[in-house]
Amino acid sequence: MKNIAGKTLWLFILSLLLLYFACSLEIDKGNHKSLNSVSKDINNCKPQSFISTIKSDIVTSEERDLKLLTKAKGMIRKIETSDPEKVLFLTFDACGQGGLSDGYDSLLVDYLIKEQIPATFFISRRWALKNIKYLDYIIENGVNIDIQNHGTQHIPLSSVGDSVYSVVGTKGLREVHYEVETAAVFLCEKLGEKPKLFRPGTAHADDIAVSYVNAMGYQVISYSVLGDGGATFTKELIKENILKAKNGDIILLHFNHPESDVFLGVNEAVEELRKMGNIKFGIIYDYLSNR
Ligand SMILES: [Zn+2]
C-alpha cells in the first residue's frame with residue numbers, strides 16, 4: 001500500500017516537473033519569436049541618416065544640370081530586356097496634391113488585380129495618409145502590384161529649390177533626403193521593407209538630387225511614354241499611347257483619378273495587346289540588373 005502511494009506521489013511530482021518544463025519552453029519560445037519579429041521590423045524601417053558628403057562624378061562635373069527634368073542624369077526611363085516577347089512596364093501613380101488628385105480609381109485597380117496584370121504603383125505618403133484603407137486593400141489583394149515610393153510631400157526633387165508646374169521643389173539635399181526617406185519609412189511600416197524605387201512628384205528632378213537618392217541606395221524612375229498626361233487625356237489617346245509603346249518602355253499613368261478616362265484607355269489597350277499576342281507586362285524592379 002505504502003509502495004503504491006509512494007509511486008503515485010513520484011508520478012505526480014514527475015508530471016508537475018514535465019508540465020513546468022513544457023510551459024517554460026513554450027513561454028520562452030513565444031517571447032523570442034515576438035522579440036525577434038519586432039526588432040527585425042524596426043531594423044528594416046529605421047530611417048537612414050542624412051549623407052552630408054556624396055561621392056559622385058555628377059556633383060563635381062561641369063556638365064551637371066540643375067534644371068528640373070524628367071530625364072535628369074541617372075534617372076531610369078526605359079528598361080533593357082532580353083525576353084523574346086515585347087515587354088511593357090505599366091506604372092500608376094497616386095499623388096495626393098489635393099482635390100481630384102486625392103482620389104482612388106477602384107474600377108482600374110480592381111481590373112488590374114482581377115486580370116493579374118503586373119504593374120508598378122508609385123504611392124506618395126501624402127496620398128496614402130488620406131487613403132489608408134485603399135492602400136491596405138492594394139497590399140492585401142494586389143499580388144501582381146509592386147508598390148514603390150512617390151515621395152512624402154509629392155514635390156519635384158531639386159537640389160536648389162526650383163519649381164515645375166508651379167509646384168516648389170525641395171530646397172537642398174536635406175529636403176531631398178526628407179522627401180525620399182520619410183515616405184520610404186512610412187511605406188516600410190506597411191510593406192515590411194523599404195521600397196527601392198523612387199519617382200519624384202511631377203516626375204522631375206535635377207542631376208545632383210538624383211545622385212543623392214542613388215547614394216541612399218534607391219533608383220530614380222522616370223518614364224519614356226506619357227500615357228495619360230496627368231490623367232487628362234481621352235480614352236482614345238491613352239489607348240493609342242499604350243499601343244504604340246516599344247519594348248522596354250515605362251508608361252506613366254495614374255490610379256488617383258476615377259473621374260478620368262484612364263481605366264477605359266488602359267482596359268481597351270490591354271485587351272487589344274492580348275489579342276495581338278507576343279507581349280507581356282513587367283514589374284520594373286524585377287528587370288533591374290543592379291538592384
Ligand atoms: Zn504624382
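Modeller: A residue is buried if 20 or more other C-beta atoms lie within 10 Å of its own, exposed if 12 or fewer, and partly exposed in between, with C-beta atoms placed from the backbone. Helices (H or I, at least four residues) and strands (E, at least two) are DSSP runs, numbered from the N terminus.

Biologist: What can I trust here, and how are residues numbered?

Modeller: This is a predicted model, in which local features need pLDDT of at least 70 and side-chain atom pairs count only at pLDDT 80 or more, while totals for chains, interfaces and linings use all residues. Residues are numbered from 1 along each chain as its sequence is written.

Biologist: Why is β3 described as largely enclosed?

Modeller: Five of the five residues of β3 are buried, so the rest of the structure largely encloses this strand.

Biologist: Which strand pairs with β3, and in what sense?

Modeller: β2 pairs with β3 in the parallel sense, over five bridges, where pairing requires that DSSP finds at least two bridges between the strands. Within that pair, F122 stands opposite Q148 of β3.

Biologist: Switching to helices, which residues of α5 are buried?

Modeller: In α5, residues 132-141, the buried ones are Y134, L135 and I138. Seen down the axis of α5, they fall within an arc of 105 degrees, so they line one face of the helix; the arc is that of the directions from the helix axis to the C-beta atoms. The face turned away from that buried side carries the exposed residues I132, K133, D136 and E140.

Biologist: And what covers the buried residues of α5?

Modeller: The cover includes α3 (106-114), β2 (119-123), α4 (125-130), β3 (145-149) and α6 (173-191), with contact meaning that two C-beta atoms, placed from the backbone, lie within 7 Å.

Biologist: Which residues have the most contacts inside the largest nonpolar core?

Modeller: F121, I123, V213, I251 and V266 have the most contacts inside that core, which has 65 residues. Its largest share, seven residues, comes from α6. A nonpolar core is a set of buried Ala, Val, Leu, Ile, Met, Phe, Trp, Tyr and Cys residues joined through C-beta atoms within 7 Å.

Biologist: What does V213 touch?

Modeller: Not counting residues up to four places away in sequence, V213 touches V176, V180, F198, Y218 and V220.
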